[in-house]
Amino acid sequence: MKILCFTSRVPWPLEKGDKLRVYHQLKQLAKNHEIILCCVNDTPLHKDALTELHKFCKEVHITDHSKFRLFFNLVAGLFSGIPLQVAYFTSGKAKRKFNAVVLKHKPDRIFCQLIRTAEYIRAHRNIPATIDYMDVFSKGVERRIDKVGFVRRPVFRMEWKRLLRYEKNIFAAFKGHCIISQQDRELLPVTEKNKVAVIPNGVDTDYFKPVAAKKEFELIFNGNMNYPPNVESVIYIVKNILPLLWKSKPDARLIISGASPSNEVLALRSEKVIVTGWVEDVRENFSRSKILVAPMLSSIGMQNKILEAMAMKIPCITTTLSNNAVGAVPDRQILVADSPEQFVNAICLLLDHPEKGERLAENGYQLVHEKFNWEQCCNLLGKVISDAGRSN
């Protein structure tokens, strides 16, 4: 089949979860299908992006958004009734370019990543389209309403209501639907949840694999460090978990690894808290750390950081909310904690009893290899996209 894919970001480099997911999806789909990629871009294009994407995409079409255009989109979005997240990534220029590509290639299927791209398919209802919601955006915004400042709270509440309505109404525009976890599917505000396929992320286990290295850090947190749930998590670690841990483990060190650390994250730096920013090879930071700790409090979707750490045989500790998406067996494949005290107890258990950490890491490693395989996950996606043409 010829599949035209639309994304709200250029999927290279892979420093964000949505880019990582769609990059591997398209790479796998390209083994059996012809891929035409259209992207909206709001950042400087990475020098290697086109080279990397042309390895499996027949054509790549990028529409750049200027800062003025983005500001205009948001202002227009306030009066349009559609979610600001959708308005931000939607423009007449990108629509015209997308329409021209559709007219030129006459694709058999359209594949949209995230509801941010849904407006682009309205003029092409004759072509069976599939959407990957990935996460339930409405739930993510709802969980942040009470955590933002008083001035921003009305905007977040408005966005939450718009997202709820949009996720429900846009459902009928697509013949195929998928999402990252069973937990997210249950949170999707639609009645026909049975029509939404659960397609988890995979792990590149040829890249993420155990590496022998000196352990310099007791703890690691990895991720896009400008993403609010990640920022919230590292603040929680430094302000709530580490002070308790230092009472019994005064030399324990944390490395915060990931691109674009916000000012709030940079402010956490100290002798025992290292903030790296973007690193070319995140495996180096993983391999230098004893435990991945991920106290995700308001996140949605699936945490790639956990899957990648497991693939490198690093024991992981996370919250119930985060583990619900992964589906690891507590105390066998992962440790689950939901309070600072529980996190400290779990960390001390693994530090004091390395053999337990090794068993946990081995079981997590086996889980990733059995359940989170990109080829297997994307074969299911290919079937969803193909079957969309036969849906009623």
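User: What is the strand order in the open sheet of seven strands, and what is the pairing?

Analyst: The model is a predicted one, where local features need pLDDT of at least 70, side-chain atom pairs count only at pLDDT 80 or more, and totals for chains, interfaces and linings use all residues. Residues are numbered from 1 along each chain as its sequence is written, and side-chain values use heavy atoms, with hydrogens and water left out. The order in the seven-stranded open sheet is β3-β2-β1-β4-β5-β6-β7, and the pairing is parallel. Strands here are DSSP runs of E with at least two residues, helices are runs of H or I with at least four, and both are numbered from the N terminus. Two strands pair if DSSP finds at least two bridges between them.

User: What makes β3 and β7 the edge strands?

Analyst: Each of β3 and β7 pairs on one side only. Neighbouring strands of this sheet are turned by 20° against each other on average, with direction ignored.

User: How do you know that β6 pairs with its neighbours β5 and β7?

Analyst: The criterion is at least two bridges. Strand β5 (residues 129-134) and β6 have four bridges, in the parallel sense, and β6 and strand β7 (residues 196-198) have three, also parallel. Both pairs therefore qualify under the definition. On the β7 side, H177 stands opposite V196, and A197 is the bridge partner of C178.

User: Which way do the residues of β6 point, and are they buried or exposed?

Analyst: G176 and C178 point one way from β6 (residues 176-179), while H177 and I179 point the other way.

User: Why is T63 called buried?

Analyst: T63 has a relative accessibility of 4%, and the cut-off is under 20%, so T63 counts as buried. The residue lies in strand β3. Leaving aside neighbours within four places in sequence, T63 is in contact (heavy atoms within 4.5 Å) with C39, V40, N41, K93, A94 and K97.

User: How do you know that α5 has the span expected of a helix?

Analyst: The expected span is 1.5 Å times one less than the number of residues. Helix α5 (residues 92-105) has 14 residues and reaches 20 Å from its first C-alpha to its last, close to the expected 20 Å.

User: Which residues of α5 are buried, and why are they said to be on the same side?

Analyst: The buried residues of α5 are A94, F98, V101, V102 and H105. They cover an arc of only 100° around the axis, which puts them on the same side of α5; the arc is that of the directions from the helix axis to the C-beta atoms. An α-helix has 3.6 residues a turn, so residues three or four places apart point the same way. The face turned away from the buried side carries the exposed residues R96, L103 and K104.

User: What covers the buried residues of α5?

Analyst: The cover includes β1 (2-7), β2 (34-41), β3 (59-64) and β4 (109-113). After α5 comes K106, with a positive phi near 45°.

User: What makes β8 and β9 a pair?

Analyst: Strand β8 (residues 217-222) and strand β9 (residues 254-257) have four bridges in the parallel sense, and at least two are needed. F221 stands opposite I256 in β9. Helix α12 (residues 304-311) packs on the sheet, touching β8, β11 (289-294) and β12 (316-318). The direction of α12 makes about 155° with that of β11, where axes are lines fitted to C-alpha atoms, for helices over the stretch in contact, and angles run from 0 to 180 degrees between N-to-C directions.

User: Why is the chain called as compact as a globular protein of its length?

Analyst: The chain has 16 helices and 13 strands. Its radius of gyration is 21 Å, close to the 21 Å that the globule rule gives for 392 residues, so the chain is as compact as a globular protein of that length. The radius is taken over C-alpha atoms, and the rule is 2.2 Å times the number of residues to the power 0.38. Buried residues make up 56% of the 392 residues.

Conventions: Buried means under 20% relative accessible area, exposed over 50%, partly exposed in between (1.4 Å probe, protein chains only).
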